[in-house]
Amino acid sequence: MVVIALMTVVAFVLLNKQKEEPAPAIAPSAAVTAATMQPATVATVKMPDLKGLAKEDAIGQLSKMNLKAEIMEVESDKQKDGFVFEQVPAKGATVSPGSAVTLYVAKAKATQPATKATQPPTTKATQPPTAAPTTQYLYCRASTYVALRTGKGVGYKELARIPSRGSMIYLGTDGDWYYVRYNGQEGYVYGEYVSFDPNAPLTYDGADYSSTLRCTADDFVSLRTGPDAGYSEIVKIPRGYTMTFLEESSNGWYHVRYGSYTGYVYSAYVEFI
């Protein structure tokens, strides 16, 4: 009986000792340690030279590099139509996958008659305007707008206002006035404020000015949505590039057209040419 009692006591002591000893710690795996100790890295790529490539080829090359292409078409008679002549960021610049790259692609200028509309001798008001043999377009060369009226004179009702550089279909000539169609309405516009040449100089109270501006900033001038630096930027216009002047704001900003965009640039960074 004594032996049995001793054996029971020993077994009870051993059982309690096992409960008190902590379980050994399990070392973290090498993979977990490495993952937590290694800093995350972001892959980058270097910009290739895309100048001289066709637009489609340049877009394809950027796509292979997981870069987005933003196309900026600029009318030019010096660059090859449909080919890239400038890029932002430049060749060799480091960019992250998914970044946007602006490609400046040359676009042929629209061919329009370069001569100013000639005015035949004044005809009687009862005679219809001289019919135009083929479809031609006139462009507003006023600094603000030209009024489309129901008759030949400022006393006639105004149908619409055609903005500066806006186009209209030429239907005929009647003295100092042209008979045109604009947005489905037909009427008369005064000949002094329109021209067959889309790039004709603008007129300000009878005085003609150049309609072309050039960027003179060290690197670029921002084209913005409004006439102030607080407005958002539409696109950067590089130094030496040209834009079409539309009108002048009262605070030193110019309203211009650049490629397919219209916006405002600060006058201190551009000049008339």
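## Open sheet and its helix

Three strands make up an open sheet of mixed pairing, in the order β2-β5-β3. The edge positions belong to β2 (68–75) and β3 (84–88); each has a single partner strand, so one side of each is left without a neighbour in the sheet. From one strand to the next, the twist averages 25 degrees. The model described here is predicted.

Strands β2 and β5 (residues 100–107) run parallel and are joined by 8 bridges. Within this pairing, M72 has Y104 of β5 opposite it. Helix α3 (residues 55–64) packs on the sheet, where it touches β2, β3 and β5. The direction of α3 makes about 160 degrees with that of β2.

## Aromatic pairs

A pair of aromatic rings is described by the distance of the centres and the angle of the planes. The structure contains 11 aromatic pairs. One of them is formed by Y190 and Y193, with 5.9 Å centre to centre and 55 degrees between the planes, and is classed as tilted. Y190 has a relative accessible area of 32% and is partly exposed; Y193, at 31% relative accessibility, also counts as partly exposed.

For Y254 and F272, the ring centres are 5.6 Å apart and the planes stand at 55 degrees, so this pair is tilted. Y254 belongs to strand β19 (residues 253–258) and F272 to strand β21 (residues 270–272), so the pair ties together parts that are 18 residues apart in sequence. Since the cut-off for buried is under 20% relative accessible area, Y254 counts as buried at 13%. F272, with a relative accessible area of 37%, is partly exposed. Elsewhere, Y170, Y178 and F196 form one aromatic cluster.

## Lysines over rings

Two lysines are placed over the faces of phenylalanine rings. K80 lies over the face of F83, 4.4 Å from the ring centre. K236 lies over the face of F220, and here the distance from the ring centre is 5.1 Å.

## Nonpolar cores

The largest nonpolar core comprises 21 residues, and those with the most contacts inside it are I237, M243, Y258 and V265. Two or more residues each are given to this core by β2, β5, β15 (212–215), β16 (220–224), β17 (233–238), β18 (242–248) and β19. The largest share, 3 residues, comes from β19.

## Surroundings of E186

E186 is located in strand β11 (residues 185–190). With a relative accessible area of 35%, E186 is partly exposed. Not counting residues up to four places away in sequence, E186 touches L159, L171, Y179, V180 and R181. E186 and R149 are 37 residues apart in sequence, and their C-alpha atoms are 8.4 Å apart in space.

Notes
Residues are numbered from 1 along each chain as its sequence is written. This is a predicted model: local features need pLDDT of at least 70, side-chain atom pairs count only at pLDDT 80 or more; totals for chains, interfaces and linings use all residues. Side-chain values use heavy atoms; hydrogens and water are left out. Two strands pair if DSSP finds at least two bridges between them. Helices (H or I, at least four residues) and strands (E, at least two) are DSSP runs, numbered from the N terminus. Axes are lines fitted to C-alpha atoms, for helices over the stretch in contact, and angles run from 0 to 180 degrees between N-to-C directions. Contact means heavy atoms within 4.5 Å. Rings of Phe, Tyr and Trp (its six-membered ring) pair if their centres lie within 6.5 Å; planes under 30 degrees apart count as stacked, over 60 as edge-to-face and the rest as tilted. Buried means under 20% relative accessible area, exposed over 50%, partly exposed in between (1.4 Å probe, protein chains only). A charge sits over a ring if NZ of Lys or CZ of Arg is within 6 Å of the ring centre and within 35 degrees of the ring normal. A nonpolar core is a set of buried Ala, Val, Leu, Ile, Met, Phe, Trp, Tyr and Cys residues joined through side-chain atoms within 4.5 Å.
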